[in-house]
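Biologist: I am new to this structure. Could you show me how to read a helix and a salt bridge?

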Amino acid sequence: MSNTRNCLKSTVGTAILVAIAFCGPALADGFDTSGIKADPVLAARLPAKIKAAGVMSIGSDTAYAPWEYLSEKDGQTPEGIDVDIANAIGAKLGVKIDFQTSAFDAILPALGTKFDLGVSAFTVSNERMKVVNFVSYSDSGSLWAVKAGNPSSFDPADFCGRKIAIQSGSWHEGIVNDVDKTCTTAGKPAIEVLPFATQTEALTRVAAGGSDATISGGSTVGYASKQSKGQLEVVSPTTGVFSERGPNGIAVAKADVELTQLVADTINALIAEGTYQALFDSWGVGTEIVKKAEVNPTVKD
């Protein structure tokens with residue numbers, strides 16, 4: 001998938017940088033989980049160790065905004081979509097959350113020992129599901145960004161002949177270049193590809209009217225659009241690989257079957273009461289929510 005954790009490492013922090021470029025210092029929106037009521041039936045199913053401690057430990061690589069990053073205020077406090085999700089789960093289960101920074105590739109091996117859960121925008125893959133369980137909690141895809149009002153009438157189904165700002169070296173750039181070849185082979189106008197070192201620069205060019213559109217991961221573009229103070233709007237892909245989507249998952253140790261199911265049931269309780277949608281909307285990524293959390297969902301590698 002286009003905006004998965006394992007193929008967009010180059011865009012770490014992009015959404016925060018975009019917010020700085022458009023409208024000054026980027027402070028976390030955050031989601032207030034204080035109003036979430038604990039569910040005693042769900043809480044009763046917590047493993048004895050977590051129940052006794054009253055704390056659930058979370059492993060996360062806090063360098064992937066807007067999913068997880070360290071606050072610019074103190075450089076230490078974790079913030080982001082995943083932090084809010086973990087806190088919402090903790091509130092529903094009546095336990096505190098200990099959100100710990102870890103190297104990304106060290107999280108899964110430490111599940112069941114150092115960490116109870118891994119919440120770090122993990123792409124669910126069949127290879128990873130051989131060693132851990134996953135609970136799907138977001139539906140990841142790509143989004144186009146256009147200048148507010150779409151003054152150039154950009155059509156995501158046919159962008160031959162368009163000016164497309166793109167981050168150099170990204171997965172999306174490769175796909176745009178492939179489409180460009182298809183355009184010219186079919187006798188249509190070539191795409192004018194405008195490469196930039198960062199996605200921030202590509203988004204800024206679009207907001208300034210110097211490009212018809214740009215495309216990146218849905219969370220990156222959605223959050224950037226929300227922070228742009230009305231300068232950008234999002235357009236969903238309608239055809240081709242850009243329209244494909246796939247789940248991100250919360251990771252649980254393979255042996256912790258009961259905890260895995262509890263996490264899924266807790267997320268589904270949050271979905272049913274509307275909290276999950278509100279949480280995702282608060283970050284501008286409401287398009288990324290799942291209708292139902294599933295344990296080890298079927299995916300294509």
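Predicted model: local features only at pLDDT ≥ 70, side-chain atom pairs only at ≥ 80, totals over all residues.

Biologist: Let me begin with length. How far does α6 reach from its first C-alpha to its last?

Modeller: Compare the span with the one expected at 1.5 Å a residue. Helix α6 runs over residues 171-185, which makes 15 residues. It reaches 22 Å, close to the expected 21 Å.

Biologist: Which residues of α6 are buried?

Modeller: Buried means under 20% relative accessible area. In α6 that holds for H172, E173, I175, V176, D180 and C183. They cover an arc of only 160 degrees around the axis, so they sit on the same side of α6.

Biologist: And what does the face turned away from that buried side carry?

Modeller: That face of α6 has the exposed residues K181, T182 and T185.

Biologist: Which strands do the buried residues of α6 pack against?

Modeller: Look for contacts with other elements. The partners here are β8 (142-147), β9 (163-167), β10 (192-196) and β11 (213-217).

Biologist: What follows α6?

Modeller: G187 does, and its phi is positive, near 80 degrees.

Biologist: Now the charged pairs. How many salt bridges does the structure hold?

Modeller: A salt bridge needs a side-chain nitrogen of Lys or Arg within 4 Å of a carboxyl oxygen of Asp or Glu. The structure holds 6 of them. One joins D265 and R45, with the closest N and O atoms 2.8 Å apart.

Biologist: Where in the chain do D265 and R45 lie?

Modeller: D265 is in helix α9 (residues 257-272). R45 is in the loop between α2 (40-43) and α3 (48-53). The two are 220 residues apart, so this pair links distant parts of the chain. As for accessibility, D265 is partly exposed at 25%, and R45 is partly exposed at 36%.

Biologist: What about E127 and K130, buried or exposed?

Modeller: Exposed means over 50% relative accessible area. E127 has 52% and K130 has 59%, so each counts as exposed. Their side chains meet in a salt bridge of 3.2 Å, N to O.

Biologist: And R162 with D212, buried or exposed?

Modeller: R162 is buried, and D212 is buried too. Their side chains form a salt bridge at 3.8 Å, N to O. R162 lies in the loop between β8 and β9, and D212 in the loop between α7 (199-207) and β11. The pair therefore ties together parts 50 residues apart in sequence.

Biologist: Which residues do salt bridges with shared partners join into one network?

Modeller: D139, R245 and E288.

Notes
Residues numbered from 1 in each chain as written. Heavy atoms only, no water. Helix = DSSP H or I, 4+ residues; strand = E, 2+ residues; numbered from the N terminus. Expected span 1.5 Å × (residues − 1). Buried < 20%, exposed > 50% of the residue type's maximum accessible area, 1.4 Å probe, protein only. Arc of directions from axis to C-beta. Contact = heavy atoms within 4.5 Å.
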